[in-house]
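User: I am new to this structure and would like to learn how to read its sheet and its salt bridges. Please take the features in turn.

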Amino acid sequence: MPFVGFLCLGLRSGFGPAWRAYVTNDEVLTVKEVATILKLAEKTVYSMAQRGELPTFKVRGQWRIRRTDLDLWLEQQPKGEPVAKSGQPPSKNEAPRTTRRGGRVV
């Protein structure tokens, strides 16, 4: 059986002992919380969830993600040098390419 948390006895002044359960493995995050963690806009997280790019699930029509699933997803993301569309890292002598879309340089 996996570890799911532990109980901690805390004291609040004037209210006596208060029990708190700290759940570490089964924490479920909202889109807003995921956006904060990933430093993205909420709209971007919604789009990624809809496209299946994040390990999300819905509860009554609202996207949710388990913290453990998010942590695992983060570990699986490529690290290091950016990868070009060809699948190879850009060469150090090659200047970045720019294209025009809608009058903007991207």
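Analyst: What follows goes through the sheet, the helix beside it and the salt bridges of a predicted model.

User: How do I read a sheet, and which strands form it here, in what order?

Analyst: Strands of a sheet pair through backbone hydrogen bonds, either parallel or antiparallel. In this structure, three strands make up an open sheet, ordered E3-E5-E4, with antiparallel pairing. Strand E3 (28-30) and strand E4 (57-59) are the edge strands, each pairing on one side only. On average, neighbouring strands of this sheet are turned by 50° against each other, direction ignored.

User: How many bridges join E4 to strand E5?

Analyst: Three bridges join E4 to strand E5 (residues 62-66), and the two run antiparallel. To find your place in the model, look for lysine 58, which stands opposite tryptophan 63 in E5.

User: Which strands does H3 touch where it packs on the sheet?

Analyst: H3 touches E3 and E5, and its direction makes about 70° with that of E5.

User: Now the salt bridges. What counts as one, and how many does the structure hold?

Analyst: The test is a side-chain nitrogen of Lys or Arg within 4 Å of a carboxyl oxygen of Asp or Glu. The structure holds three salt bridges.

User: Where do aspartate 71 and arginine 67 lie?

Analyst: Both lie in helix H3 (residues 67-76), four residues apart, which is about one turn of the helix. Aspartate 71 has 29% relative accessibility and arginine 67 has 27%. Each value falls between the 20% and 50% limits, so aspartate 71 counts as partly exposed, and so does arginine 67.

User: Which residue does aspartate 69 meet in a salt bridge?

Analyst: Aspartate 69 meets arginine 66, with 3.6 Å from N to O. Aspartate 69 is partly exposed, with a relative accessible area of 26%. Arginine 66 is also partly exposed, at 37% relative accessibility.

User: What is the distance between the closest N and O atoms of arginine 51 and glutamate 53?

Analyst: The closest N and O atoms are 3.9 Å apart, and the pair forms a salt bridge. That value is within the 4 Å cut-off.

User: Is arginine 51 buried or exposed?

Analyst: Exposed means over 50% relative accessible area. Arginine 51 has 61% relative accessibility, so it counts as exposed.

Methods
Residues are numbered from 1 along each chain as its sequence is written. This is a predicted model: local features need pLDDT of at least 70, side-chain atom pairs count only at pLDDT 80 or more; totals for chains, interfaces and linings use all residues. Side-chain values use heavy atoms; hydrogens and water are left out. Buried means under 20% relative accessible area, exposed over 50%, partly exposed in between (1.4 Å probe, protein chains only). Two strands pair if DSSP finds at least two bridges between them. Axes are lines fitted to C-alpha atoms, for helices over the stretch in contact, and angles run from 0 to 180 degrees between N-to-C directions. Contact means heavy atoms within 4.5 Å.
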